[in-house]
Amino acid sequence: MSVLKFGTYINLSYAFTLSRRCLWILGIWPDPFVPLSDFQRLSVRFIIVTCILCLYVIVPQLTNTIHAWGNVARMVQHVASANFSLMALCKLVGTCYHGQTLRVLMTSVMTDWMTSKDHERSTMLSIAKRGRALALRCYMASSCTVLFGFSLHVLKYHRNKHQPHRPLMYEFNFPYNTEKSPSYEITVLTQLSGGMYSALINSTIDCFVSILLLHICAQLKNLRTMLNKLVDDLAKKVISSAEFKERLATITMRHEHLIRNAKTVDDCYSAVLFIHMLAATFQLCFESFQVFTIVSNHLNISVIRVAFLSFYVVLVLTHLYIYCYSAERLLIESTGMAYGVYECKWYDISSKDAKSLMFMAYRSAIPLKLTAGKFGTFSLEMFGTTVKTSMGYLSALLTMMDKT
């Protein structure tokens, strides 16, 4: 491996450390160093994870929801886990389906690190640190949720291991005898792994998309700096008008490339994020409902379960926030290109050259967005609206429970 390629690999590893490793575990990492032909066949790891989520988590919990029809508290408990796993499954399948497109996008990211200058790389590393900080918080919330959830089920298994009927994590009539060992232990471990996979998938793909958007933000910021320097050089007569137009054309082409990359991310995940928005809204409602029920009814619930539900709420909010934050940054940096044109010393150059800058200003008037099914745009405003809507659903759910 050449020094340049090794340095690029290190930079990619720094920006996508946790996402890269976890996506590889799931069998869906769009590795730019892997030949395109390798993305035409499904990974064994992807197939195993998909089967576990479908057969051992989603189907059992949806079936349990039907069986608990009329009991609001039990229905909410079953739907909550199925909803979270279904959200993870959609993201997993969506990322795998767009694997070739995302590989091309990752190749573009790799090229950006290879061709960037020192001052540009400093900006990229600075914004990458923000992405890593968001990812770390997301994985910490996910790890704490999984840890308390795992502890709950281990205690439940320990209490019932000598009972005639040993309950599963998600009750279901499997086509084999789950009462006998080692079938019971294998089934419980598989269901536990399904819950952990759900948390891992949601955290990993959310962080991956967020870091991709923040990388585009860094490139837009570098492009704005490059444009200001170009105009300053022309104003100071360092370059000629012909060279100015040539370099401006290069900046414009680079701007169009970044716009295409942002639209590629949106096209790959817009449908999935629409499902994410709906699922996250209801998930926040369901988990808040369980916490509210425990507190208001003074139920004798273990501290571990309360901690589990509390971290669950924090986890859902964190997942939603990282999308809204990175999308807000993308919107600001994309429209910032137009402001960059106004802020540069265009008044010190000829009117003919100044008019050439208007194409960049016009192109930046339309902000780059991350959308949820083309119906809504992720932003910090959407974050507040989603939380507010979720609390409205919680109020309706509590009213339903009072009437039953």
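The following legends describe close-up views of a predicted model.

Figure 1. The unreviewed UniProt entry lists residues 12-30, 42-59, 134-155, 199-218, 268-289 and 301-324 under "transmembrane region". Two of these spans are shown in detail. Residues 199-218 are 100% helix and 0% strand, with 28 Å between the C-alpha atoms at the ends of the span. In residues 301-324, the end C-alpha atoms are 34 Å apart, and the span is 92% helix and 0% strand.

Figure 2. His276 belongs to helix 8, which comprises residues 241-296. Its relative accessibility is 1%, so His276 counts as buried, the cut-off for that class being under 20%. Leaving out residues up to four places away in sequence, the contacts of His276 are Met87, Lys91, Asp206, His319, Leu320 and Tyr323.

Figure 3. The largest nonpolar core holds 76 residues, of which Phe16, Phe208, Val265, Tyr269, Leu357 and Phe378 touch the most other members. Helix 7 (residues 183-235) supplies the largest share of this core, with 18 residues.

**Figure 4. Contacts of Phe208.** Phe208 is one of the residues that touch the most other members of the largest nonpolar core. Neighbours within four places in sequence aside, Phe208 contacts Phe16, Ser19, Leu23, Trp29, Pro30, Leu102, Met106 and Tyr269. Phe16 and Tyr269 are likewise listed among the core residues that touch the most other members.

**Figure 5. The largest cavity.** The model contains three cavities of 30 Å³ or more. The largest cavity has a volume of about 80 Å³. Its lining consists of Ala15, Phe16, Val109, Trp113, Met124, Ile127, Ala128, Gly131, Ile211, Leu214, His215 and Ala218. Helix 5 (99-115), helix 6 (118-160) and helix 7 are the elements that each contribute two or more residues to this lining. By class, the lining of the largest cavity comprises 10 nonpolar and two polar residues, with no charged residues.

**Figure 6. The second largest cavity.** The residues lining the second largest cavity are His153, Lys156, Tyr157, Pro167, Leu168, Met169, Tyr184, Val188 and Leu192. Helix 6 and helix 7 are the elements that give two or more residues to the lining of this cavity. Seven nonpolar residues, one polar residue and one charged residue make up the lining of the second largest cavity.

Terms used: Residues numbered from 1 in each chain as written. Predicted model: local features only at pLDDT ≥ 70, side-chain atom pairs only at ≥ 80, totals over all residues. Heavy atoms only, no water. UniProt positions renumbered as here; feature names shortened; annotations may be inferred. Helix = DSSP H or I, 4+ residues; strand = E, 2+ residues; numbered from the N terminus. Buried < 20%, exposed > 50% of the residue type's maximum accessible area, 1.4 Å probe, protein only. Contact = heavy atoms within 4.5 Å. Core = buried A, V, L, I, M, F, W, Y, C linked by side-chain atoms within 4.5 Å. 1 Å grid on protein atoms, 1.4 Å probe; cavity = no way out; pocket = protein on both sides within 12 Å on 5 of 7 lines; lining within 4 Å. Points joined across faces, edges and corners; volume = space filled by probe spheres on them. Nonpolar A, V, L, I, M, F, W, Y, C, P; charged D, E, K, R; others polar.
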